[in-house]
Amino acid sequence: MENKKPMLVVSTGAGISAESGIKTFRDADGLWENYPVMDVASADGFRRNPELVHQFYNERRKALLEAQPNEAHRILAELEKDFDVWVITQNVDDLHERAGSTRVLHLHGELMKIRAVDDPDYIETLDIEHLETTPATRGKNGKPMRPHIVFFQEAVPNIEPAIELAHRADIFAVIGTSLQVYPAAALMEYVRPGVPVYYIDPRPASTAGRGNVKVIPEPATKGLATLRDILLKGKKG
Ligand code: APR
């Protein structure tokens, strides 16, 4: 009987996609330096000016088409050979999936999906030819559509399953997030006592008061190679 693989739960933010050429939000020259966040990524902003919001997400979709998964995404996918890996991501890109991760839980939505404005369960996936959406975009059911994104001022529907995963983790890792946006930033606090927590970020936010976090102050590609060595050595015992 093969012994059960340890459960590795990883919470990722924009930093893991930085080395794929996708802008983060709060770094220098980040998205929020060039766009008024409450105009392009909030519920009020969408009500005020849906055209601007659709345009913002159309630009991010085009940037995503140019991007490829990087070594950090690939190492996470490869770790599924030795661990029961679950990725909880704040990112709306599909780079984890394209790198081969098989269990990805998106907290803030998905860039390549749109949904009916008045029915959150009616979701369509955009294809490469039809990336551009506008307020006039209709779903196959004829209903007006919006980005399938969790705007600021909106609830995070997947936070409950994410908390459950953090609570079940045998190992928890946080990669490439400034830990400024809740509830995602609080996930590490649901980890059971004694479960090791690692935080990979070249400019790590303070984790004071969040229990004993092992900080690996490196970019995601290098930091995940370091973490892989630690975890595989630990597995060998
Ligand atoms: N490797 C790892 N981390 C990196 C790298 C890299 N190469 N480059 C930058 N980082 C780190 C930064 O140091 C920072 O801590 O990535 C983090 C990016 O932080 P943010 O830009 O705040 O992104 P994130 O934490 O994912 O934002 C959370 O805010 O605007 C909302 O919904 C949006 O999901 C997003 C949420």
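Which backbone atom lies 3.3 Å from a nitrogen atom of the ligand? A backbone N or O atom of G15 lies at that distance, in a model that is predicted, so that local features need pLDDT of at least 70 and side-chain atom pairs count only at pLDDT 80 or more, while totals for chains, interfaces and linings use all residues. Residues are numbered from 1 along each chain as its sequence is written, and side-chain values use heavy atoms, with hydrogens and water left out.

**The ligand and its surroundings**

- A polar side-chain atom of E19 lies 3.2 Å from a nitrogen atom of the ligand, whereas a polar side-chain atom of H108 lies 2.8 Å from an oxygen atom of the ligand.
- Taken alone, the ligand exposes 730 Å², of which the protein buries 93%, with areas computed by the Shrake-Rupley method and a 1.4 Å probe.

**The pockets**

- The ligand sits in the largest pocket, meaning that more than half of the ligand's atoms lie within 2 Å of the pocket's grid points; a pocket is an open set of points on a 1 Å grid over the protein atoms alone, where a 1.4 Å probe fits, with protein on both sides within 12 Å along at least five of seven lines, and lining residues have an atom within 4 Å of a point.
- The largest pocket contains about 770 Å³ of space, and of its 39 lining residues A14, F25, R26, T177 and S178 are the closest to its centre.
- The lining of the largest pocket is made up of 20 nonpolar, eleven polar and eight charged residues.
- The second largest pocket has a volume of about 250 Å³, and its 16 lining residues include I22, K23, L31, R60 and A63, which lie nearest its centre.
- Four residues of the second largest pocket's lining come from α5, which gives the most.

**Backbone details**

- Most residues other than glycine have a negative phi, and most peptide bonds are trans.
- D29, which is not a glycine, has a positive phi of about 65°, and D29 lies in the loop between α1 and α2 (31–34).
- The peptide bond from Y182 to P183 is cis, with omega near 5°.

Methods
Polar contact = N/O pair within 3.5 Å; in protein donor to acceptor, adjacent residues only side chain to side chain. Points joined across faces, edges and corners; volume = space filled by probe spheres on them. Nonpolar A, V, L, I, M, F, W, Y, C, P; charged D, E, K, R; others polar. Helix = DSSP H or I, 4+ residues; strand = E, 2+ residues; numbered from the N terminus.
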